[in-house]
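Hi,

Here is the structure I promised to pass on. Have a look at it first, and my notes follow below.

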Amino acid sequence: MSAIGTARLTRPDDILTATLRSHLEDHTAAMASLHAQLPTISAWGAELAARLLRGQRLLAAGNGGSAAEAQHLTAEIVGRFDGERRPFSAIALHADTSSVTAIGNDYGYDEVFARQVRAHARPGDVVVLMSTSGRSPNLVRAAHAAREVGAKAWALTGAGPNPLCEASDAHLALEATAPGAQEAQLVALHLLCRVFDHHVRAHDAVAAPLVRAGAPARQAQREDA
């Protein structure tokens, strides 16, 4: 076989290999960007734990792959991440298909999350909005709605600045292409869950002895009555 024939056979493989390497390089850059923002993750996890322990709730939303990741987050909060603990209230707004389609039909797709935020969010709640571009109008409007009702809007996005970051109370913007940002966002969610669980367990470890210590006193009061 001629050298030209061999080149024609191997060239597509070379292109694919280069593409895969580029993808991994972008993933590495996204993870480096996330690593630099660990203080934000730690602060968010501690604040989320404090708010949900007070009875607040988490709302989350995204489009497409970001919707899947937002729903992943709420599942971890309602269920558990990697250890036993009590459940907490968390709602994925895009998962209510009847509300999404009804609101989209009556008010337009840009309102599908904002209207739900106004319905469900209360002062002190946290609204997490995920987008690789940071430019989805329905998420930007949801951020504005969250701030209107007194909830905290947190944005996880790709490279900033972008409209969603600007509309939110706090943001974590990853310097990466869309695929790299989405991959790093999943890791960010897992890190957030680890911090959240750490603070919940620490709180409960302190509270449990106090609850047990108060039980005999309450029993004595009932007997005296």
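One to start with: is Trp154 buried or exposed? Trp154 counts as buried, since its relative accessibility is 2%. Bear in mind throughout that this is a predicted model.

With Trp44 it makes a stacked aromatic pair, the centres 4.7 Å apart and the planes at 15°. Trp44 sits in helix H2 and Trp154 in strand E4, so the pair ties together parts that are 110 residues apart in sequence. Trp44 also counts as buried, at 6% relative accessibility.

The count of aromatic pairs comes to two. The other one joins Phe88 and Phe196 edge-to-face, at 5.3 Å centre to centre and 85° between the planes. Here again distant parts of the chain are linked: Phe88 is in the loop between H3 and strand E2, Phe196 is in helix H8, and they are 108 residues apart.

Now the overall layout. The protein chain has eight helices and five strands, running α-α-β-α-β-α-α-β-α-β-α-β-α from the N terminus. Of its 225 residues, 40% count as buried. If you take contacts between residues at least 6 apart in sequence, 71% of them join residues at least 24 apart. The accessible surface is about 11700 Å², with 57% of that belonging to carbon and sulfur atoms.

Next, the packing. The largest nonpolar core has 32 residues, and Phe196 is among those with the most contacts inside it, as are Leu48, Leu73, Ile77 and Leu156. H1, H2, E1, H3, E3, E4 and H8 each supply at least two of its residues, and H8 gives the most, with nine. Apart from this core lies another, of 23 residues, including Leu93, Val100, Phe113 and Val140. As for Leu156, its contacts beyond four places in sequence include Trp44, Val128, Leu172 and Leu189.

Helix H3 is worth a glance as well. Leu73 and Ile77 are buried in H3, and so are Ser66, Ala67, Glu69, Ala70, Thr74 and Glu76.

Last, the cysteines. Searching the whole structure turns up zero disulfides. Cys165 is buried at 6% relative accessible area, and Cys193 is buried at 2%.

Cheers

How values were computed:
Residues are numbered from 1 along each chain as its sequence is written. This is a predicted model: local features need pLDDT of at least 70, side-chain atom pairs count only at pLDDT 80 or more; totals for chains, interfaces and linings use all residues. Side-chain values use heavy atoms; hydrogens and water are left out. Buried means under 20% relative accessible area, exposed over 50%, partly exposed in between (1.4 Å probe, protein chains only). Helices (H or I, at least four residues) and strands (E, at least two) are DSSP runs, numbered from the N terminus. A disulfide is a pair of cysteine sulfur atoms within 2.5 Å. A nonpolar core is a set of buried Ala, Val, Leu, Ile, Met, Phe, Trp, Tyr and Cys residues joined through side-chain atoms within 4.5 Å. Contact means heavy atoms within 4.5 Å. Accessible areas come from the Shrake-Rupley method with a 1.4 Å probe; for residues, only the protein chains shown count as cover. Rings of Phe, Tyr and Trp (its six-membered ring) pair if their centres lie within 6.5 Å; planes under 30 degrees apart count as stacked, over 60 as edge-to-face and the rest as tilted.
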